[in-house]
Structure formats: C-alpha cells, structure tokens
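I opened this notebook to record what I looked up in one model, beginning with the surface and ending with the core.

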Amino acid sequence: MKSIRRLPDSELEVMQALWACEIPAGRADIAAKLQKHTDRSEPLAQTTLLTLLSRLEQKGFIRIEKQGRASVYTPMVAREEYNRSQSRSFVDKLFGGNMKAFANALSDGGLTEEELTELKRLLEEQ
C-alpha cells in the first residue's frame with residue numbers, strides 16, 4: 001500500500017466534501033457540502049475554498065479543469081485509499097504497528113459490544 005501524506009484538517013474537510021459530491025464537482029457544489037457536513041457557523045469564504053482547492057491540486061489530491069469560465073474538480077485520491085493509508089499510519093505511530101495492541105485499546109472500553117461484534121464480523125469477512 002502506498003503511503004499518502006496526511007492532510008491538514010481544513011484540506012481534509014474540503015476533500016471529504018468533494019468525495020461526497022457528484023464528480024466532477026463545481027466550487028458551489030463543494031461549498032454546499034462543506035456547509036451541510038461541517039460544524040461551521042459561517043460558510044467558508046470563496047477565496048479560502050479556492051486556496052484550499054489549489055493546495056490540494058499542488059499536492060496531487062485533485063485535478064482542476066476549466067469548463068468555460070468555471071472550474072470543475074475531480075479527486076485523484078479515492079476516499080478509501082486515503083483512509084487505508086491514514087489508518088495504517090495511525091496504528092504505526094501510536095502502537096508501533098502492533099495491531100494486537102490497537103485491538104486491545106479498542107476493546108478496553110473504546111467500543112460498545114455492538115461495535116465489537118461488527119468489527120469481528122468485518123474481520124471474519126477478510
């Protein structure tokens with residue numbers, strides 16, 4: 001699995017909004033998803049959103065294409081790919097890569113019985 005660099009929270013919020021949009025997405029679509037799915041009391045300023053989108057393009061996370069006078073945005077990294085990479089990085093950093101230690105941390109009051117049952121089912125499917 002290739003390692004994907006961790007995004008700062010503001011850029012990750014934009015990526016999550018883009019992943020939730022119909023692709024390719026316009027700036028207004030992304031802004032609407034951001035407003036709907038974040039705890040922001042104020043909408044993100046248009047210039048701030050455009051700056052974050054530009055940074056994501058520079059990092060290779062999205063592609064920006066002109067369509068007339070507007071731009072459309074396409075993710076170049078899938079949500080699942082990013083999540084896998086960050087999950088592995090999390091376990092490596094906090095637990096030295098030891099999945100047993102991570103599982104023990106989850107089972108020691110970190111998960112409900114229902115969540116543990118679901119996790120067990122998911123692991124059995126693998």
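This is a predicted model: local features need pLDDT of at least 70, side-chain atom pairs count only at pLDDT 80 or more; totals for chains, interfaces and linings use all residues.

Residues are numbered from 1 along each chain as its sequence is written, and side-chain values use heavy atoms, with hydrogens and water left out.

**Overall form.** I listed six helices and three strands, taken as DSSP runs (H or I of at least four residues for helices, E of at least two for strands) and numbered from the N terminus. Along the sequence I followed the pattern α-β-α-α-β-β-α-α-α. The radius of gyration is 18 Å, well over the 14 Å that the globule rule gives for 126 residues, so the protein is more spread out than a compact globule; the radius is taken over C-alpha atoms, and the rule is 2.2 Å times the number of residues to the power 0.38. Along the principal axes, the C-alpha atoms fill a box of roughly 55 × 30 × 25 Å.

**Sheet.** I found an open sheet of three strands in the order E1-E3-E2, with antiparallel pairing, where pairing requires that DSSP finds at least two bridges between two strands. Strands E1 (25–26) and E2 (62–67) stand at the edges with a single partner strand each, so one side of each has no neighbour in the sheet. Two bridges join E1 to E3 (residues 70–75), and I noted Tyr 73 in E3 as the bridge partner of Ala 25.

**Core.** Which residues have the most contacts inside the largest nonpolar core? They are Val 14, Ile 30, Phe 61, Ile 62 and Tyr 82, in a core of 21 residues; such a core is a set of buried Ala, Val, Leu, Ile, Met, Phe, Trp, Tyr and Cys residues joined through side-chain atoms within 4.5 Å, buried meaning under 20% relative accessible area. H1, H2 (27–37) and H3 (46–58) each supply at least two of its residues, and the largest share, six residues, comes from H1. Leaving aside neighbours within four places in sequence, I found Val 14 in contact (heavy atoms within 4.5 Å) with Ile 30, Leu 34, Leu 49, Leu 52, Leu 53 and Leu 56.

Definitions and conventions: Buried means under 20% relative accessible area, exposed over 50%, partly exposed in between (1.4 Å probe, protein chains only).
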